[in-house]
Amino acid sequence: MTVAEANTVSVDSPPRAGAPLVEVRDLVKYFGPVVALAGVSMDVRAGEVHCLLGDNGAGKSTLIKVLAGVHSPTSGDMLVEGKVVVFSSPREALDMGIATLHQDLSMIPLLSITRNFFMGREPVKGGLGPFAFMDMTLANRIAREEMRQIGIDVRDPQQAVGTLSGGERQCVAIARAVHFGAKVLILDEPTSALGVAQTSMVLKFIRQVRSKGLGVIFITHNVRHAYAVGDRFTILNRGKTLGTFGKAEIKLDALQTMMAGDKELQELSGELGGTV
Amino acid sequence: MPRAPAAETAAIVVVARDERLQHQSALRRLLSGPELGAFAGVVLVFVYFGITAHGTGMFAADGVLNWTTVSAQLMIIAVGAALLMIGGEFDLSVGSMIGFAGMMIALPTVVFHVPVTLSVLFAFAGALAIGFLNGLIVVRTGLPSFIVTLASLYILRGLTIALSIMFTNRTIVGGVKVAAEGTFVGFLFSGTIGDPLFTWLADHNWIGRLADGAPSVRGVPMIIVWALVIAVLSHVVLAKTRAGNWIYASGGDANAARNAGVPVGAVKISLFMLTAFCAAVFAACEVFEFGSAASDRGLLKEFEAIIAAVIGGCLLTGGYGSVVGACLGALIFGVVEMGILFTGVPNDWFRVFLGSMLLIAVLFNNLIRMQVVRGR
């Protein structure tokens, strides 16, 4: 990884809630002849939820994969806390405090909550390398405490993660990232497979995480979910941003309209009573 | 990096939660773990043979030694197979490895007059290297271990036969016993320990005597010691260490584990080396017991190891299972195999029983898994 000092470009907009933790400028990504990102700029600050909205194919996935270190951009800069960075692996992004949570790829259903929570970062009490003894008492205690903070009542942190609901699993994954020092959370459609109660649980937890001073990038195509927790909204369409708006600057309807983009879909949405 | 304030508040929570946790005794934990089926199976076979084999000598000292030795033998390779299966892979080359490792001990010793200790070291090094290679191929190519180790199964078995024919013109290479006379490795793999205890037991008529007056059991064979040592160490590693967590994670979901920073490749390669090591221990015990290596040794043992692991509650898909379960699976195996001999049931029924047992175990495990993932 090469970390170079950023050339002294002044931040254009006044800081809303601190300096940007992560910023991308004019990000362009080609996959062969396909233009996935055609110059995207956005940033996320400490203590804010920045929602990334867009329909399928808008470039949301590509953008977060660049942020997470999976893809490197064709051109454009990425800055972490003001410094230009180039990630060559997801691990490097993680080490810089950028944790990406994919919908189903972070929890193992058959393993206990504790084992999942500390997977790869087991607390040990002495011992040699891999054969160091896990401090299960400590691990269980931390896991139980973290669960309690989320609001999940676990009788036994050694029960399998599979016994938790989808929303609870998302929350555990978020709590794990926070516990291990993430500064920026990238949540990829964390609510798309969840029911109403589960969704509100996850949204509530995202707010809780924000209040701890983390920056959250929340990817979704559900405007209602976004509006419930978002501070700023960036709408992607065909690899470009249609703009970034503060919550005070845009209404839910306007956001919906802008995201739907297509006129026919707006009409359809109207016919369906605004339920899309 | 646990944070101090979290730990402080946690202490209070622990007190509040503990009274609800107290109900879960050690027995309950065992009964809700992967070993449940195997535990029930052990009780069942002991009750069955306790009744039907009553008075046949199955539960006299030498009878007990008989089925514990058979169980211990299988336990050695079943534990390796179980850990590998929990880690998400199979090793079908275990049986062939037993034959091959035996040849790697016997051929240098008998044909090239290499000191037997060196031959044993050579065999273990060779087995570990082959295990490493199996693992490396699986990890690097992402091919199913089933197919990679199936190839090893044939290659190793073929090599075992070909090399023994090439060097000795026969398929059984004898004469190891003479070479191993009085050596430490000879004792390490075929000696007995605790002999004075058994003499004392015989003196007090607790156990029977042979016709020549020796106690019916001379001591605890080293193979049982090996089985216990391997089982205990493996259990501790799997249940208590971070390596154990990595094994569960690698088998549960290799991708998620990798994302969380678990060295999945290294874990899997090490597990392949472990199964190879276990096969080599099995082989060494047999070679020093019989004083010979034979090219058909260990035939079909890979399946017996897998069956014992599955009866013990390991899921074929990985990420779930226990060493204790695999040991109980091996015990069921040994008791039934010998019990059938003692009760005089035709030996063919053993396989019928095994197949049925396997099927029941798999169905049962499937149920358990659904309960683990779904049930509250």
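**A look around both chains**

Reply: Happy to! A:Asp26 sits in strand 2 (residues 20-31) of chain A, where helices (H or I, at least four residues) and strands (E, at least two) are DSSP runs numbered from the N terminus. This is a predicted model, in which local features need pLDDT of at least 70, side-chain atom pairs count only at pLDDT 80 or more, and totals for chains, interfaces and linings use all residues. Residues are numbered from 1 along each chain as its sequence is written, while chains are lettered from A and ligands numbered from 1 in the order in which they are written.

Me: What's the phi of A:Asp26 near?

Reply: Phi is near 50° there, a positive value in a residue other than glycine.

Me: And why does A:Asp26 count as partly exposed?

Reply: Because A:Asp26 has 13 C-beta neighbours inside 10 Å. With C-beta atoms placed from the backbone, buried takes 20 or more others within 10 Å, exposed 12 or fewer, and partly exposed is in between.

Me: Where is A:Glu189 found?

Reply: A:Glu189 is in the loop between strand 8 (184-188) and helix 6 (196-211) of chain A. A:Glu189 has a positive phi of about 45°, although it is not a glycine. With 19 C-beta neighbours inside 10 Å, A:Glu189 counts as partly exposed.

Me: Switching to chain B: at what angle do helix 5 and helix 6 of chain B pack?

Reply: Helix 5 (residues 94-111) and helix 6 (residues 116-141) of chain B pack at about 150°, with axes 8 Å apart. Axes are lines fitted to C-alpha atoms, for helices over the stretch in contact, and angles run from 0 to 180 degrees between N-to-C directions. So helix 5 of chain B is roughly antiparallel to helix 6 of chain B (under 35 degrees is roughly parallel, over 145 roughly antiparallel, 65 to 115 roughly perpendicular, the rest oblique).

Me: Which residues of helix 5 of chain B make the contact?

Reply: B:Met97, B:Ala101, B:Met104, B:Ile105, B:Pro108 and B:Thr109. Contact means C-beta atoms, placed from the backbone, within 7 Å.

Me: How many residues are in the largest nonpolar core?

Reply: The largest nonpolar core has 189 residues, a core being a set of buried Ala, Val, Leu, Ile, Met, Phe, Trp, Tyr and Cys residues joined through C-beta atoms within 7 Å. Its largest share, 18 residues, comes from helix 14 (residues 264-290) of chain B.

Me: What does B:Ala279 touch?

Reply: Not counting residues up to four places away in sequence, B:Ala279 touches B:Ile77, B:Val94, B:Met97, B:Ile98, B:Ala101 and B:Ala127.

Key
Contact = placed C-beta atoms within 7 Å.
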